[in-house]
Amino acid sequence: MDQVDALLKGDRLALARILSQIENNAPESHRLLDILFRHAGKAHIIGVTGPAGSGKSTLVNRLALAYRRPQDGTSPKKVGILAIDPTSPFTGGAVLGDRVRMRDLSGDDGVFIRSMATRGTLGGLALTTGEMATALDAAGFDVIFVETVGVGQSEMEIARLAHTILLVENPGMGDDIQAIKAGILEIGSIIAINKADRPGVETTERVLRNMLEMNSAGYGDDADFHHGFKTDTAPALAESDAAAWQIPLIRTVATTGEGIPQVIEALHGHLQYLKTSGRWQVTQKDRLRRDLDNLIREVLFQTWLGRMSPEEYDRALDRLFTRTVSPFRLAEELIVTDYANKTQVNHLK
Ligand SMILES: Nc1nc2c(ncn2[C@@H]2O[C@H](COP(=O)(O)OP(=O)(O)OP(=O)(O)O)[C@@H](O)[C@H]2O)c(=O)[nH]1
Ligand SMILES: [Mg+2]
């Protein structure tokens with residue numbers, strides 16, 4: 001498999017081709033991933049999410065530059081960037097202008113940037129993104145940024161791919177903050193208040209800090225039970241993260257680079273925390289289990305569906321429309337009917 005060999009040796013063209021095959025769900029992409037998968041699992045995957053226009057791309061560019069030119073004497077990291085459905089795409093400088101000096105990144109072999117359009121199902125997008133991250137990972141990229149807009153279900157799905165989640169907020173969001181908290185504050189590992197050069201940054205910072213303290217106080221009560229009793233409602237990851245990891249709140253001005261060293265430090269700190277606490281293994285295993293569950297579900301469903309004709313499925317659906325049968329009863333009936341042999345398999349009743 002020459003393509004994969006080339007990718008593993010760092011050939012950018014091979015990587016670009018393979019990423020396209022994955023994105024287009026080409027028939028050979030599964031065979032490619034069979035091999036790539038075995039070479040992946042090393043990269044630090046960082047999800048970057050927040051409202052449209054909050055400065056995620058500008059921030060990611062800055063962070064990528066910082067990873068390329070470490071100030072602490074360590075060797076430069078190879079950085080992959082996957083941007084999902086960006087309204088301001090990474091185009092190598094044209095969009096972001098001279099301020100961010102994207103051309104420093106675009107001529108750099110240690111950086112690979114890929115924008116993807118949202119299409120297909122949300123679950124499909126998350127799967128594709130995960131597979132693309134696997135390809136970058138196998139190609140030796142040490143850090144992979146995954147940029148997604150907003151706080152919806154698709155972002156939550158994609159966020160689950162990441163080891164570390166950087167939430168990007170802006171000053172002056174006032175009442176919206178309640179909404180942010182409800183949806184997403186819990187999933188963040190690090191919060192950047194970007195556009196800190198804008199008015200209202202103090203208020204936003206205070207509100208966010210209060211919320212984080214309230215959250216950790218809430219989880220603190222649980223900690224008194226030595227994790228003997230977990231609340232069913234708290235997401236497992238957020239709960240244990242909150243117990244041992246203090247979410248840093250960092251003011252940034254992505255356009256000038258202010259606060260970038262602090263974000264880099266926080267990213268290093270979180271990686272360190274994941275590795276020393278064992279969370280790295282736990283999240284990795286959770287993610288692989290979810291992938292496997294989803295694949296099995298999909299394969300089982302498709303296999304089952306393949307046994308009956310679309311007309312038969314429609315007829316069954318009609319019985320739902322006419323309320324002749326409940327969905328639960330119908331599902332049970334359909335599952336136990338062996339359509340290939342048109343017989344009712346009677347082991348369920
Ligand atoms: N004043 C100020 N402007 C900023 C800052 N960071 C980014 N911007 C500007 O905000 C605009 C949006 O920045 P992007 O980096 O494209 O934001 P984004 O979150 O990636 O946007 P989408 O991907 O479209 O959701 C650009 O015009 C940036 O120059 C900042 O810290 N301060
Ligand atoms: Mg963007």
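The largest share of the shell around ligand 1, three residues, is supplied by helix H4 (residues 56-68). Helices here are DSSP runs of H or I with at least four residues, and strands are E runs of at least two, numbered from the N terminus. This is a predicted model, in which local features need pLDDT of at least 70 and side-chain atom pairs count only at pLDDT 80 or more, while totals for chains, interfaces and linings use all residues. Residues are numbered from 1 along each chain as its sequence is written, and chains are lettered from A and ligands numbered from 1 in the order in which they are written.

Let us stay with the ligand for a moment. Its shell has 18 residues, and Gly55, Lys56, Ser57, Thr58 and Ala254 come nearest; a residue is near if its C-beta atom, placed from the backbone, lies within 6 Å of the molecule. By type, the shell divides into five nonpolar, nine polar and four charged residues. Here Ala, Val, Leu, Ile, Met, Phe, Trp, Tyr, Cys and Pro count as nonpolar, Asp, Glu, Lys and Arg as charged, and the others, Gly among them, as polar.

Now to strand E1 (residues 44-50). Seven of its seven residues are buried, so the strand is largely enclosed by the rest of the structure. Buried means 20 or more other C-beta atoms within 10 Å of a residue's own, with C-beta atoms placed from the backbone. His44, Ile46, Val48 and Gly50 point one way from E1, and Ile45, Gly47 and Thr49 point the other way.

| E4 (residues 143-149) | parallel | seven | Ile45 and Ile144 |

What about the core? The largest nonpolar core has 63 residues, and Ile46, Ala135, Leu136, Ile144 and Val146 have the most contacts inside it. Such a core is a set of buried Ala, Val, Leu, Ile, Met, Phe, Trp, Tyr and Cys residues joined through C-beta atoms within 7 Å. Helix H6 (residues 122-138) gives the largest share, eight residues.

Leu136 is found in H6 and is buried, with 28 other C-beta atoms within 10 Å. Leaving out residues up to four places away in sequence, Leu136 touches Ala43, Gly80, Phe112, Phe141 and Ile144; contact means C-beta atoms, placed from the backbone, within 7 Å. With neighbours within four places in sequence left aside, Ala135 is in contact with Leu15, Ile18, Leu19, Ile22 and Leu36.

Notes:
A residue is buried if 20 or more other C-beta atoms lie within 10 Å of its own, exposed if 12 or fewer, and partly exposed in between; C-beta atoms are placed from the backbone. Two residues are in contact if their C-beta atoms, placed from the backbone, lie within 7 Å. Two strands pair if DSSP finds at least two bridges between them.
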